Each structure stands twice: as structure tokens, then as C-alpha cells.
2 protein chains.
Amino acid sequence: MKILVTGAAGFIASNLIPRLLARGDEVAGADNFFLGKRQYLAQHPRFTFHEMDLLDLDGVVKLMEDFRPDRIWHLAANSDISFGTKYTDFDLKGGTLVTYNLLEAMRRTGVNEIVFSSSGAVYGEPTVMPTPEDYGPILPISLYAASKVACETLITAFAHNYDLHAWIYRFGNIVGPNPTHGVIHDFVLRLRDDPTRLVVLGDGSQSKPYVYVEDCLDGMEFGIAHTRAHVNVHNLAVDDQTSVREITDWTIEAMGIDRASIDVQYGDSPRGWRGDVAQVQLDTRRMTALGWQPKLTSREAVQRTIREVVEQFR
Amino acid sequence: MKILVTGAAGFIASNLIPRLLARGDEVAGADNFFLGKRQYLAQHPRFTFHEMDLLDLDGVVKLMEDFRPDRIWHLAANSDISFGTKYTDFDLKGGTLVTYNLLEAMRRTGVNEIVFSSSGAVYGEPTVMPTPEDYGPILPISLYAASKVACETLITAFAHNYDLHAWIYRFGNIVGPNPTHGVIHDFVLRLRDDPTRLVVLGDGSQSKPYVYVEDCLDGMEFGIAHTRAHVNVHNLAVDDQTSVREITDWTIEAMGIDRASIDVQYGDSPRGWRGDVAQVQLDTRRMTALGWQPKLTSREAVQRTIREVVEQFR
């Protein structure tokens with residue numbers, strides 16, 4: 001199968017692409033290295049890499065014309081949510097407009113399958129928790145999540161009008177090796193630079209389901225294999241949550257830092273930043289009903305990732 | 001009060017602006033005359049008009065800096081839904097990007113109230129009818145509706161992050177004088193040109209709630225006066241529906257055309273076009289609970305509008 005992966009040098013894609021190659025797929029990857037890292041790129045005879053900006057519609061069309069993918073895994077995004085609050089057109093461009101370009105290029109070139117990494121952040125601050133896929137109203141509180149909703153609705157509209165098949169996954173926090181951002185990545189790098197002090201955004205009570213990246217990819221592939229509506233929307237999460245305070249403690253311990261020698265400074269706010277959804281629980285029953293379950297709990301996913309990231313950035 | 005109205009030469013704005021002026025408001029209007037008509041523009045000492053493209057962010061910022069509105073009525077949009085299927089970036093630009101520009105300009109200049117005309121089309125083809133505001137999942141089937149959702153979520157995210165107040169109204173089909181598009185407008189113009197033949201998109205069974213524009217504006221103003229959450233989302237509709245077949249019959253009759261002398265050609269599809277939501281019922285209880293009700297039923301709104309539009313385009 002020929003697969004185009006966007007965000008190919010990013011966290012999730014760098015874990016996905018080796019799996020695709022191992023099963024014999026031919027893979028083209030695109031990235032602009034905004035968050036992605038060159039060293040995360042696959043090296044393989046069946047992998048071709050295209051350094052490009054997906055805001056260039058003509059370039060995207062040409063890539064699809066040349067490569068003729070059977071399916072697109074659209075994983076490119078700004079995943080640094082707080083950044084999108086400072087630069088208000090960041091998610092609009094890197095999320096909404098890029099996704100439009102991909103869909104329009106698919107329409108023009110006859111590519112008709114897309115897998116999309118959305119986010120549980122689309123639910124904003126829901127009144128129902130755990131939050132199911134059919135929750136409404138959809139009132140996101142960050143520009144990141146607003147863009148994810150915009151992408152989802154572009155996908156559903158294109159799917160309806162131009163006969164695409166789409167799999168939309170609303171992720172919990174995905175963790176694992178090759179991070180480019182996120183709380184574990186940030187804590188490890190900052191503690192490596194200065195093991196005497198850690199400033200934590202928010203009061204540490206933020207609590208979310210963390211999904212190990214291999215579980216995430218297993219779940220996405222399981223969903224693709226077992227659903228065939230035009231648009232298939234699934235939460236992809238685990239049933240337990242981990243707090244920022246737990247992640248702080250476990251990271252300090254994993255780095256071998258003496259707790260008495262470090263000044264951990266929590267903020268006052270129950271949120272990490274404006275637009276942060278501090279308490280997340282996603283209803284996982286739709287994926288469970290398909291027959292899929294994650295192997296690791298949130299606690300296990302976080303603890304394993306801390307060990308791996310400490311090792312990776314040693 | 002100083003009010004900026006976008007889409008100022010369009011159908012709804014041309015009915016709104018005289019009301020604002022009559023109560024003493026100072027009004028600035030912007031339009032690019034894509035759908036709006038110059039002859040619909042208000043002429044009044046307290047009205048200033050700006051012919052401009054809202055895709056020009058600098059221009060939008062300058063307009064807000066110069067005029068310093070207290071509130072924006074953002075009514076500009078592509079309202080020709082089928083057009084957006086042929087030109088897939090049309091709603092993205094004229095809806096999503098324009099709305100982003102307005103919100104960003106509000107943020108930069110400290111304007112903090114926005115009234116937005118969304119659409120019941122955001123619900124796609126819902127499984128619950130009449131459809132309430134908290135319906136999910138939000139899976140629109142047209143690029144028009146996808147853009148309306150994108151606009152709504154940009155508004156909610158900006159409201160959360162930058163302390164805006166927003167009133168979002170999900171309209172039924174709004175009808176009344178000064179139309180620029182829509183089934184009644186199209187039927188009247190086409191029958192005026194050729195009273196022997198009328199081609200109808202779809203099989204005529206499409207059935208939607210039609211709201212008279214004065215009721216629409218009353219409802220919007222009532223909502224503004226009686227709600228004060230950061231983001232207030234209301235369906236704005238009536239409880240009965242009118243079919244395209246009824247509109248066809250009533251328009252032919254109102255134009256004095258002998259039914260025996262005209263060839264009415266219905267299509268085969270239950271939809272007017274791809275992406276058309278053919279059966280719409282919007283739950284109106286949230287507005288009713290606020291204390292507001294429309295004066296005209298859908299049937300009355302359509303019949304009155306047919307008379308007015310036949311007269312206006314005679």
C-alpha cells in the first residue's frame with residue numbers, strides 16, 4: 001500500500017512510519033521541521049522524504065500526483081497549544097488551511113482515504129465526563145482545538161461531497177519515544193539543564209488520560225480495519241488519568257534527582273495556560289465496542305515514557 | 001451605540017441597519033458586493049459605508065481603530081451553499097478566514113462584542129429532530145456548514161482567551177425583503193424571465209423552517225438583551241416547516257401564472273444539491289425559555305415574503 005504521512009518528522013509519525021515500512025508499505029513523508037526533528041526521520045529504501053510547507057497547495061497537489069497514495073495519515077499540526085494563543089493565526093494556518101489543502105489535493109487527484117489526528121480538546125470543558133464522541137455543544141476553548149474542529153468539519157464535508165473515507169481520532173495525550181513537545185519532554189530537558197529547580201505551569205492538579213504511542217497506533221489501525229462509514233469518529237484514550245503533579249514527581253525520581261535538593265514551583269491556576277482543558281476524561285466505549293483496548297494504562301504509559309525520554313535525552 | 005455590520009449590503013444587514021439607525025445607533029457597514037447589492041445600502045447621516053474585502057486584515061484593523069465599534073454584527077458570508085461545492089475554498093475564505101480577521105482585529109483593538117449568524121446546517125443530518133443546540137456529533141455535510149462550525153469555534157476560542165462576548169445564532173432559512181439569493185428569490189426571478197417553465201432543484205420534498213427576517217432580528221436582539229455568558233448559542237427558527245413544493249405552488253400563484261400553462265420540472269433527488277440538508281427541524285425551546293417567540297409561522301413567513309419579493313422584483 002502507498003501511504004503519505006504528513007508531519008513525518010514529528011512524534012507520532014516517527015513511531016508510525018517504521019511500522020508501515022515493516023509491513024511492506026511504500027511511504028512518502030512530508031514535514032517542514034517546525035516541530036519535527038530531522039533525526040526522527042525514517043531511513044529506508046521504501047521511504048521518500050519531502051521537505052515542504054503544506055500551505056503550498058500546488059506543491060501538495062504535485063506530491064499526490066507524483067506519489068499517488070492510497071491513503072494519507074495526516075499527522076502534521078501545531079501541537080504546542082499555548083503557542084497558538086500568542087500567534088493567533090498559527091493553528092489556522094498549520095491546522096485548518098493545511099488540512100484544506102490536503103483535502104483539495106485529494107479531491108483533484110482522486111486520493112480518497114484520510115486518517116486524521118484530532119484531539120479530545122474539541123470538547124472544550126464538557127459537562128459530561130467521561131466525554132463521548134457524540135457530545136455537544138462543541139465549544140472549544142483554545143485556538144488549537146478550534147482548528148481541530150475546523151479540520152474535522154472540512155473532512156466530513158469533503159467526505160460527503162467527494163466520496164472520501166475518513167477516520168478521525170480524538171486523542172488523549174499521546175506519549176512515548178521521539179517527543180517534540182509536551183510535559184514529559186519539557187520536564188526532562190529542563191531538569192537536565194537545571195536539576196535544582198522546576199517551574200510547573202498550573203498548580204499540578206491538571207489530570208488527563210495519557211496513551212502510549214504504540215497503543216495509539218494500534219487503535220488507529222484497528223479502527224481503520226473495522227469501520228467503513230464515510231466518516232468514522234473515535235475517541236482514542238485510556239480510562240485512567242494522570243496528574244501533572246504525578247508526572248513531576250515521577251520525572252524527578254527517574255532522573256535520580258534528590259527531592260530535597262530541588263525547588264519545584266507550582267503555579268496558582270488549575271490550568272496550565274489559558275485555553276488548557278485541565279480535567280480530561282474521554283469515553284472509550286466506542287473503541288471498546290469495536291473490540292480494541294489499549295495495553296497500557298495512563299500511569300503505565302507515563303512511567304514508561306519518562307524512562308524512555310530520560311534515556312533518549314540523556 | 002457604535003455598531004459595525006459586515007455584509008452590510010446583504011439581505012439580513014439591509015433589514016437590520018434601518019432598525020439600528022432608527023434607535024439612534026451610529027453604524028459602519030462593510031461589504032464587497034459579492035452577494036450584497038448597492039441599492040440595499042442604507043443612506044443616513046449616521047451610516048458610513050466601507051467597500052472592502054474583509055480578507056484584508058490590515059484594512060479590518062484600521063476600520064476598527066478608526067470607528068471603535070462597541071459591537072460587531074458579523075453577517076457577511078457566502079450564503080449560496082451550492083456555490084461552495086464548486087469552489088472549495090470559497091467558504092474557507094469568505095467564512096473562516098474573514099471571521100478570523102474580524103476576531104483578530106477585535107483582539108488587537110479591544111472591541112469585545114460580536115453577534116454571529118451561524119446556521120442550523122452545522123448539525124449536518126442529525127439523528128435528533130427537532131435538533132437542540134447541544135446536539136452532537138457535529139458532522140456537517142457542506143463546506144458552507146463546515147465553515148460555519150469553524151467560525152463558531154474560532155469565536156468560542158477567542159472569547160475564552162481574550163474575554164470577548166459572543167452571540168451565535170444558528171438560523172433556519174431567513175426570508176423577507178431584499179433577498180440576494182435563496183429559493184424564493186430564484187423562483188421569482190426565473191418565472192419573471194420565463195413564466196412557462198420552472199426547473200426545481202430536488203424533488204420538492206425538502207422541508208425547512210422559514211423565519212421572517214424581522215422575527216430573526218427581534219430574536220437576535222432579544223437574545224443579546226437577555227443573555228450574558230461569554231458565548232451564547234441559540235437556534236433561531238420556527239416550529240413548522242415549509243416544503244419546496246409548497247413554495248413552488250405559492251410562487252406560481254402569487255405571480256398570477258396559470259398552472260396549466262407552466263411546465264414545472266422537479267428533480268429526482270430528495271436533496272436540492274449535494275451537501276443540502278433536505279429535512280431541517282430546529283429545536284426552538286432555548287429561545288422560548290428566554291421569553292421570545294417569533295410572530296410569524298414558517299408558512300406565514302414564506303407567503304408574506306413571496307408577495308414582497310414578487311412586488312420588489314416586478
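Which helix of chain B holds B:Thr251? The answer opens the first of these close-up views of a predicted model.

**View 1. B:Thr251 sits in helix α8 of chain B.** The helix spans residues 244-254. B:Thr251 counts as buried, because 25 C-beta neighbours lie inside 10 Å. Its contacts, leaving aside neighbours within four places in sequence, are B:Ile184, B:Phe187, B:Val188, B:Leu191 and B:Ile306. B:His230 is another matter. That residue is 21 places away from B:Thr251 along the chain, and the two C-alpha atoms are separated by 42 Å.

**View 2. B:Ile155 belongs to the largest nonpolar core.** This core has 192 residues. A:Ile155 and B:Ile155 have the most contacts inside it. Which residues does B:Ile155 touch, not counting those up to four places away in sequence? They are B:Leu103, B:Ile114, B:Phe116, B:Ala166, B:Ile168 and B:Val231. In soluble globular proteins, nonpolar side chains tend to be buried together.

**View 3. Seven strands of chain B form an open sheet.** The order is β3-β2-β1-β4-β5-β6-β11, and the pairing is parallel. Strands β3 (47-51) and β11 (231-236) of chain B stand at the edges. Each has a single partner strand, so one side of each is left without a neighbour in the sheet. From one strand to the next, the twist averages 15°.

**View 4. Strands β5 and β6 of chain B run parallel.** Strand β5 covers residues 113-119 and β6 covers residues 165-171. Seven bridges join these two strands of chain B. At one position, B:Glu113 stands opposite B:His165 in β6(B).

**View 5. Strand β6 of chain A is largely enclosed.** How many of the seven residues of this strand are buried? Six are, so β6 (residues 165-171) of chain A is largely enclosed by the rest of the structure. Strand β5 (residues 113-119) of chain A pairs with β6(A) in the parallel sense, over seven bridges. In β6(A), A:Trp167 is the bridge partner of A:Val115.

**View 6. Chain A superposes on chain B by rotation.** The rotation is 180°, with 0.0 Å of shift along its axis and an RMSD of 0.0 Å. The two copies are thus related as by a two-fold rotation axis. The same surface serves both copies: 100% of the contact residues of chain A recur in chain B.

**View 7. Chains A and B are in contact.** The contact takes 34 residues from chain A and 34 residues from chain B. On the side of chain A that touches chain B, α4 (90-109), α5 (143-162) and β11 (231-236) of chain A each supply at least two residues. Helix α5(A) gives the largest share of that side, eleven residues.

**View 8. Chain A is assigned two parts, domain 1 and domain 2.** Domain 1 covers 2-174 + 210-236, and domain 2 covers 180-208 + 240-277 + 297-312. Their C-alpha centres lie 27 Å apart. Where they touch, 20 residues of domain 1 of chain A are in contact with 14 residues of domain 2 of chain A. Strand β10 (residues 210-212) of chain A gives the most to the domain 1 side, with three residues.

View 9. Most residues other than glycine have a negative phi, and most peptide bonds are trans. The bond from A:Gly136 to A:Pro137 is cis, with omega near 0°. A:Pro137 is in the loop between β5 and α5 of chain A. The bond from B:Gly136 to B:Pro137 is also cis, with omega near 0°. A:Arg68 has a positive phi, near 55°. This residue is in the loop between α2 (57-67) and β4 (71-74) of chain A. Is A:Arg68 buried or partly exposed? A:Arg68 is partly exposed, with 13 other C-beta atoms within 10 Å. B:Asn178 has a positive phi of about 65°. Its loop lies between β7 (173-175) and α6 (183-193) of chain B. B:Asn178 is buried, with 20 other C-beta atoms within 10 Å.

Note on methods: Residues numbered from 1 in each chain as written. Chains lettered and ligands numbered in written order. Predicted model: local features only at pLDDT ≥ 70, side-chain atom pairs only at ≥ 80, totals over all residues. Helix = DSSP H or I, 4+ residues; strand = E, 2+ residues; numbered from the N terminus. Buried ≥ 20, exposed ≤ 12 C-beta atoms within 10 Å, placed from the backbone. Contact = placed C-beta atoms within 7 Å. Core = buried A, V, L, I, M, F, W, Y, C linked by C-beta atoms within 7 Å. Pairing = 2+ DSSP bridges. Axes fitted to C-alpha atoms, helices over the stretch in contact; angles between N-to-C directions. Least-squares fit on C-alpha atoms with pLDDT ≥ 70 in both. Domains from an automatic or database assignment.
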